[in-house]
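The following paragraphs lead the reader through selected features of one chain. Please keep the sequence and the three-dimensional view at hand while reading.

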Amino acid sequence: MSSRSDGRLRGEARPIAIVYEKLDRADGSASFAFGSTKALASVSGPIEVRLAAEQPSKATFEVSVRPLSGVPGTESKALSASLRALLAPALLLSRNPRTLVQLVVQSLAPSRQTGTGTGLFGAPLMAAMVNAATLALLNAGSVPMAGVVCAVAVARVRPSAAGVSSPALVLDPTEDELAASDGGGCFAFIFAAHPTPEQSDAQFGSRLVWTDWRVTGGGTDVDELARAKLLARSGVEHVWQQVKESVGRAAVVPAPGLSQKPSKTAKTEDVEMKVDEEEEDDDAKMEI
């Protein structure tokens with residue numbers, strides 16, 4: 001595969017950065033970045049739900065997307081609906097009926113994509129938002145999950161920009177590659193099954209749950225879409241591995257500056273010791 005302007009291969013993603021942010025007044029929070037394309041997510045819940053939004057058989061799942069600057073508009077609301085739809089299969093909302101789970105996703109990078117993917121936000125930023133949301137849900141640990149959703153972006157770069165005779169598919173495109181593309185989109189996969197030692201997670205336990213793939217100025221080529229899906233699957237497997245490793249590190253390494261709280265058992269023993277001492281003093285007084 002040919003190299004790109006930044007030295008990457010067509011099937012190679014930018015460096016991934018995962019940080020568990022420990023935001024106040026949130027049950028879980030995390031940021032995810034493909035290079036400079038970064039998103040932050042926070043989760044609260046299950047919490048008390050408004051009576052008008054209460055559902056008797058499952059928790060209400062609310063998603064809010066905020067742009068880097070300005071007030072959320074129509075596109076933010078549409079993106080919120082897409083995030084809610086693609087994350088819902090991974091959540092066991094029926095375990096907590098008549099409650100509310102709130103997910104807030106914040107863009108931390110501007111996007112100047114035009115004409116393809118998710119418009120203002122761009123397919124790479126959409127993928128970063130999906131991954132940040134998943135990490136925040138894992139970090140919270142308060143919402144039962146049936147699987148983990150990970151996402152990557154794929155772009156269809158025009159021949160003149162790619163330096164080839166036919167359009168080229170590239171994984172995790174840069175802003176310059178997006179500007180030179182005439183198609184693309186975000187691909188989200190859910191990892192839900194437990195593979196055998198002989199099978200990788202992508203081979204056995206993942207399936208496509210959402211994509212907004214589109215090509216401008218023409219119809220979608222089924223074969224090209226299949227190739228884009230295959231490229232996205234190989235990239236999302238790497239994201240999944242990074243997510244698993246980050247969760248393992250977060251579980252092993254204690255948060256800096258946090259001291260362990262005394263257990264209830266220790267407090268009970270202290271109380272019992274004080275009571276015993278007081279009884280001994282009373283016995284001594286009675287003997288006198």
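Helices and strands are here DSSP runs, helices of at least four residues and strands of at least two, numbered from the N terminus. The model is a predicted one. In these terms, R25 is placed in the loop between β1 (16-19) and β2 (28-34).

Most residues other than glycine have a negative phi, and most peptide bonds are trans. Against this background, R25 has a positive phi, near 55 degrees, although R25 is not a glycine. A positive phi of about 50 degrees is also found at D172, again a residue other than glycine. D172 belongs to the loop between β7 (168-171) and α4 (175-179). P46 is located in strand β3.

Strand β3 comprises residues 37-47, and T37 is part of it. With a relative accessibility of 7%, T37 is buried. Beyond its neighbours within four places in sequence, T37 contacts R14, F32, A109, P124, L125 and A128.

Attention now turns to charged side chains. Side chains of opposite charge can pair when their charged atoms come close. The count of salt bridges in the model is nine. In one of them E177 pairs with R4, and their closest N and O atoms are 2.8 Å apart. This pair links distant parts of the chain, since E177 is in helix α4 and R4 in the segment before β1, 173 residues apart. Both E177 and R4 are buried.

R8 forms a salt bridge with D6, with 2.7 Å between the closest N and O atoms. R8 is buried at 6% relative accessibility, whereas D6 is partly exposed at 40%. R8 also meets E177 in a salt bridge of 4.0 Å, N to O. Because R8 lies in the segment before β1 and E177 in helix α4, this pair ties together parts that are 169 residues apart in sequence. Through shared partners, salt bridges join R4, D6, R8, R14, D172 and E177 into one network.

How values were computed: Residues are numbered from 1 along each chain as its sequence is written. This is a predicted model: local features need pLDDT of at least 70, side-chain atom pairs count only at pLDDT 80 or more; totals for chains, interfaces and linings use all residues. Side-chain values use heavy atoms; hydrogens and water are left out. Buried means under 20% relative accessible area, exposed over 50%, partly exposed in between (1.4 Å probe, protein chains only). Contact means heavy atoms within 4.5 Å. A salt bridge is a side-chain nitrogen of Lys or Arg within 4 Å of a carboxyl oxygen of Asp or Glu.
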